[in-house]
Amino acid sequence: MGKPRVIYWFRTDLRLHDSPALKAALDLDPAVLWPVFTWDPHYVYRVKGGVNRWQYLLDCQNDLSESIQKLNSKSKLFVLREAPQTLFPKLFKAWNVTHLVFEKDTDAYAKERDKVVIALAEKAGVQVITRSGRTLWDSDELVAKHGGKPTMSITQLQAAGRKVGQIPRPIPAPTYLPDPGDMPVEFEQDKPDAEPDLNATHRGGNDKTYANIAGPNGDFAIATLQELGFSAEEASTPHRGGETIALKRLQEIFADEEYAATFQKPKTNPAAFEPQSTTLLSPMLHFGALSPRLFYWRAQDLVEKYGKGASTPPESLTGQLLFRDMYFAAQAAIGPPFAQTLNNSYCRFIPWHLPSKAEATDAGSTAVSGSYHVDSPQAERWFRRWKAGATGFPFVDALMRQLRAEGWIHHLGRHAVACFLTRGGCYVHWERGADVFEEWLLDHEPACNAGNWQWLSCTAFYSQYFRCYSPVAFGQKWDRKGEFVRRWVPELRGLDERFIYEPWKASRAALDKAGVRIEGDGLGGGEDGTYPAPMFDFAERRSACMAAMKRAYSIGLYGNDDRVKDGTWKELFEKAGETEMEGLDGGSDDDDDGKHADDAEYRKERGIGAGKHVRSQSAATKEGPMDRFAKKLRT
DNA sequence: TGAGGCGTTGCCCAC
DNA sequence: CGTGGGCAACGCCTC
């Protein structure tokens with residue numbers, strides 16, 4: 001028996017420091033080691049993500065590859081363009097591989113994929129070694145110590161964590177890497193099915209990802225945005241990825257000992273920009289360019305040194321990392337339904353507008369499909385305006401525009417827009433908002449995204465729905481002068497600070513002076529110099545939503561309830577006098593364009609009469625309530 | 001056991 | 001400018 005010939009498979013651990021899996025690979029004392037990344041078509045085609053996130057991923061890969069080359073000039077990150085499920089059996093044979101080593105992944109798809117790859121490796125006589133490294137503790141161990149149940153609060157997470165044991169200290173980056181072996185790829189390439197391509201709109205149709213298994217030049221190079229079919233010019237974020245930047249940023253954060261030791265998340269400013277008030281390290285954690293345990297111990301050691309006056313979990317820096325582990329462990333226990341309401345026994349059923357369509361899965365259960373019912377044309381329009389940053393509420397619009405442009409907004413900003421879309425304004429399903437965040441956030445982490453949307457919509461983790469973010473007051477609390485709004489909603493730049501959060505209250509003279517007209521719905525590229533009136537009366541929507549939440553809580557259904565699946569939930573809500581619910585929204589201020597062909601079918605399927613409009617607000621005219629409100633205030 | 005206190009991050013107004 | 005109570009009142013944990 002010769003020395004091991006090892007493939008180290010990089011996935012969501014694009015770093016050299018503190019990698020338990022990489023250490024395990026090197027502990028084998030390999031004769032050869034191939035650092036490999038495979039383009040998995042699931043992420044290329046089936047997970048929606050804008051250009052900014054692809055750029056960030058490539059940043060991380062490029063930086064890692066350079067770091068590998070510094071350790072061994074013969075090596076680098078070798079990128080292969082094929083699905084791992086078909087590629088690895090061929091590589092095992094062609095490269096005469098003895099071991100496959102990788103860091104455990106935690107997401108639903110990745111777990112299934114890895115199960116397949118492990119089975120294929122065993123069949124080929126290749127030994128598989130995996131290590132946990134994505135979280136502070138192994139999520140499966142946390143669940144086991146928590147009685148097999150999801151961790152639904154930070155105290156539960158901490159209790160489970162104490163039972164698992166101390167968070168491991170970070171492992172230093174390796175100081176050497178073995179040479180890679182030969183890399184023949186004279187086998188047939190299995191090309192994936194490129195349809196459906198959820199990123200087609202971002203990609204522009206020039207995708208060449210799978211043209212050549214070893215890349216355009218046959219040298220296993222990191223892909224370019226161009227090769228993946230994206231236009232580099234469309235990348236609009238200033239945030240760039242990579243382990244080198246992550247470690248530098250970590251140094252900077254901890255160089256300011258007072259900032260790091262006394263950090264209290266709820267007291268950081270969501271309207272701060274240049275510089276932002278938090279660490280910007282969440283995307284680095286997502287791509288594995290930064291180890292959460294390195295971050296944790298830097299913070300914890302500092303807090304102990306700092307002594308009195310240091311902040312504590314859950315508000316402190318370490319607290320933020322604990323929340324991340326809480327969501328990962330909740331996801332580990334609940335499984336795929338964690339990302340949805342349906343079949344999720346920990347998620348309340350609320351009859352939000354724009355509910356997901358369900359489809360049967362192989363397992364015979366049902367899962368959400370990504371598309372949704374347009375039960376209310378009005379809610380659909382509110383949702384589109386929310387996504388476009390054209391709600392007419394400047395603070396919400398600024399946040400949504402920053403999110404689209406930069407792929408990052410402050411955590412409290414996420415709270416404000418999430419509350420607004422769901423329980424505190426539009427009464428639109430949290431899964432719609434989660435879809436948008438998935439597409440735009442650089443740090444999109446399925447577990448954290450689903451968990452936070454459930455939190456903010458008061459469907460799980462949190463239940464104080466009467467605490468509602470105001471799109472006006474919340475922004476004002478942090479940024480009285482409206483600098484953040486001016487940065488992202490330039491059409492309002494010249495407006496007096498008395499009106500910057502409520503332009504509908506400005507006089508004609510004040511609007512003229514600022515060079516802005518309150519006009520249109522902000523969709524379809526509106527005219528220059530206009531900004532829309534608010535799309536509804538917030539106070540009215542706030543109380544309608546709160547009353548609806550109260551009824552939904554008293555009815556008390558959860559996502560796994562049979563009545564949720566068979567549609568009989570509707571009777572319960574009608575009996576309770578609910579009007580703010582899917583299928584019962586008149587949406588009468590909207591002349592629907594008939595694009596939503598499923599409407600009629602959906603109403604029929606759920607037994608909802610098309611003419612049964614029982615909205616309390618008087619929206620019988622084309623003029624929305626806010627228009628009247630604005631007029632009243634202007635005169 | 002039932003009551004009381006607390007929970008990462010609300011708003012508004014009085015003082 | 002900071003603080004504290006009311007708002008209307010959830011679920012969970014503790015005593």
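Predicted model: local features only at pLDDT ≥ 70, side-chain atom pairs only at ≥ 80, totals over all residues.
Residues are numbered from 1 along each chain as its sequence is written, chains are lettered from A and ligands numbered from 1 in the order in which they are written, and side-chain values use heavy atoms, with hydrogens and water left out.

**Overall make-up**

Chain A has 26 helices and 9 strands; these are DSSP runs (H or I of at least four residues for helices, E of at least two for strands), numbered from the N terminus. Of its 635 residues, 57% are buried. Buried stands for under 20% relative accessible area, exposed for over 50%, and partly exposed for what is in between, using a 1.4 Å probe and protein chains only. Among contacts with a separation of 6 or more, 77% are between residues 24 or more positions apart, where contact means heavy atoms within 4.5 Å.

**Around His353**

His353 sits in the loop between α13 (317-334) and β6 (356-360), and is buried at a relative accessible area of 0%. What do its side-chain polar contacts reach? One, of 2.8 Å, goes to the side chain of Asp375, and another, of 2.8 Å, goes to the side chain of Glu580. A polar contact here is a pair of N or O atoms within 3.5 Å; within protein, one must be able to donate a hydrogen and the other to accept it, and residues adjacent in sequence count only if both atoms are side-chain atoms.

Asp375 belongs to the loop between β7 (366-372) and α14 (377-388) and is buried too, with a relative accessible area of 1%. A polar atom of the Asp375 side chain also lies 2.6 Å from the backbone nitrogen of Leu354.

Helix α9 (residues 243-255) has 13 residues and spans 18 Å from first C-alpha to last, close to the 18 Å expected at 1.5 Å a residue; the expected span is 1.5 Å times one less than the number of residues. Its buried residues are Glu243, Ala246, Leu250, Ile253 and Phe254. These cover an arc of only 85° around the axis, so they lie on the same side of α9; the arc is that of the directions from the helix axis to the C-beta atoms. Lys248 and Ala255 are exposed on the other side of α9. The buried set packs against α3 (51-71), α10 (257-261), α11 (282-287), α12 (292-306) and α13.

In helix α4 (residues 84-94), Pro84, Leu87, Phe88, Lys90, Leu91 and Phe92 are buried. They pack against β1 (5-9), β2 (32-38), β3, β4 (99-103) and α5. Just after α4, Asn96 has a positive phi of about 55°.

**Aromatic pairs**

There are 43 aromatic pairs in the structure. Rings of Phe, Tyr and Trp (its six-membered ring) pair if their centres lie within 6.5 Å; planes under 30 degrees apart count as stacked, over 60 as edge-to-face and the rest as tilted. Here are two edge-to-face examples.

| Pair | Centre to centre | Angle between planes |
|---|---|---|
| Tyr43 and Tyr109 | 5.7 Å | 85° |
| Phe78 and Phe220 | 6.0 Å | 85° |

Tyr43 is in helix α2 (residues 41-46) and Tyr109 in helix α5 (residues 108-123), so their pair ties together parts 66 residues apart in sequence. Tyr43 is partly exposed at 29%, and Tyr109 is partly exposed at 23%. Phe78 and Phe220 are both buried. Ring pairs also link Phe273, Phe395, Tyr469, Phe474, Trp478, Phe484 and Tyr501 into a cluster.

For Cys468, the nearest cysteine sulfur is that of Cys419, 4.0 Å away.

Two peptide bonds are worth checking on screen. The Glu195 to Pro196 bond is cis, with omega about -5°, and the Glu274 to Pro275 bond is cis, with omega near 0°. Pro275 is in the loop between α10 and α11.

Tyr427 has a positive phi near 55° and is buried at 0% relative accessibility. Cys458 has a positive phi near 60° and is likewise buried at 0%.

Definitions and conventions: Disulfide = S-S within 2.5 Å.
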